[in-house]
Amino acid sequence: MTSLARALDSPKTLFKRLTLISIFSTLIILVAAGYSISVLYENHVVTYARKNAVSLGEALVSSERENLLTKFGLITNEPVTNNALRLLLDNSLHSFLGPYNILKIKVFSASGKILYSTDHSIIGHDDSNNSRLNNALSGAIDAQISAKDQMQDLAHEVRFDVDVVETYVPIRDKQNKIIGAFEIYQDMSDEKTLVRRGVILSMMMLGGILLVVYISAFSLLRSAAARLIATQEELARLATVDPATNVLNRREVLHRAASDLELYHRNRNTPECTFGLLMVDIDHFKSINDTYGHLIGDEALKQVAECLNSSIPPECYVGRYGGEEFMVALPVCLAQTAEETAHRLLNRIRNLPIQIGQRTLNLTISIGVATTQTQTLTFEELLHQADTNLYAAKAAGRDCYVHAPDTAKCVASVS
């Protein structure tokens, strides 16, 4: 790919890269925002459950202080082993805590022993190594949320896939001394479901906002990129095309022809293949400018260039060499093909009418033909040969082409 092609492609490449970056950035934003909102909502749920657990614990201590100290064994530090008392405490706690969606409760002694639990199987266990319990026994409130596959509630019914907030709350006596701790399991599944819905709704709203923003931004970028590409294409055209004739300018046609000749030398397959150059000059062009003016002369140049360009094979090209001279490059041809092309151009130009008001101006051209079949012939030598043959055609009377001046042969065009 040439530097010009890369330059033209750069706005498109940049736009694609910006699109990919925007998509990737949007995904990162949505994931980060979703995670942040989830954490915020979850913290809110835990905070709510912790406050609720503290309120319930304080209410339980306030209303059942004497029963709590005696029946739960907080004075004796002895677990509740009496089945009748367990059932009585179960019913009492179920009546008190049931409306608050409490699934389970434990009562710990100051030494970390489980004095009572709605799960009777763990009563009497030592949980003194529990760091969260120790936090509560030191006066702190510790709450965490966790997911449980299944859990039994106070009514001894099994609930599945529940989100539980476990809160440790210290128990204090009248002198504000910590004498034990509660562990309260609160079912927050409904709140967690609301959190998920809130996160999804927030993500949908954020995604919609980002989509509107990106669509608006990309519309502006696409429009700007299209204008930039059009400007670059116009600049590229102006850099390679002669503005008066719309064919290649001198610099570009020389560059292409030299490159194609080098490629021909590298890839030549058969001796019959040649590289050809035609140097074309409009006969007596100065008299046209002197007689009709430069505007008519410019129109004549343009029409001659269009005629030359439409009369050559697709793989060939025309460039304005300077003034009224044109170069036609035939990258891969046969020697007779170069002469046939020259013959055709002579006829086409001779029959090309140029209208000047009510008058018709007829033109002729002279052509110098040069071809190479040797790897030693450089582009400068081939160009010099074509130029020499052009002057030979002019000396021979114009309206003809010359291919071999050393034989003094001038081939005139016959309609």
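Residues are numbered from 1 along each chain as its sequence is written, and side-chain values use heavy atoms, with hydrogens and water left out. Because the model is predicted, local features need pLDDT of at least 70 and side-chain atom pairs count only at pLDDT 80 or more, whereas totals for chains, interfaces and linings use all residues.

Helices (H or I, at least four residues) and strands (E, at least two) are DSSP runs, numbered from the N terminus. An open sheet is formed by 5 strands in the order β2-β1-β5-β4-β3, with antiparallel pairing. Two strands are taken to pair if DSSP finds at least two bridges between them. The edge strands, β2 (114-117) and β3 (142-152), each pair on one side only. On average, neighbouring strands of this sheet are turned by 25° against each other, direction ignored. Axes here are lines fitted to C-alpha atoms, for helices over the stretch in contact, and angles run from 0 to 180 degrees between N-to-C directions.

Helix α3 (residues 83-97) packs on the sheet. It touches β1 (102-109) and β2, and its direction makes about 65° with that of β2. Contact means heavy atoms within 4.5 Å. Helix α5 (residues 189-240) lies across β3, β4 and β5 and runs at about 110° to β4. Strands β4 (residues 158-172) and β5 (residues 178-187) pair in the antiparallel sense over 9 bridges. In this pair, R172 stands opposite I178 of β5.

A nonpolar core is a set of buried Ala, Val, Leu, Ile, Met, Phe, Trp, Tyr and Cys residues joined through side-chain atoms within 4.5 Å. Buried means under 20% relative accessible area, exposed over 50%, and partly exposed in between (1.4 Å probe, protein chains only). The largest core holds 33 residues, of which L278, L308, F326, L363, I365 and I367 touch the most other members. Elements giving two or more residues to this core include β6 (274-282), α8 (294-310) and β11 (365-372). Its largest share, 6 residues, comes from α8. Leaving aside neighbours within four places in sequence, L278 is in contact with residues including F326, L330, L345 and I367. Another core, of 19 residues, lies apart from it and has L248, V253, F275 and A329 among its members.

G124 sits in the loop between β2 and α4 (131-137). Its relative accessibility is 32%, so G124 counts as partly exposed. Beyond its neighbours within four places in sequence, G124 is in contact with P79, K113 and I114.
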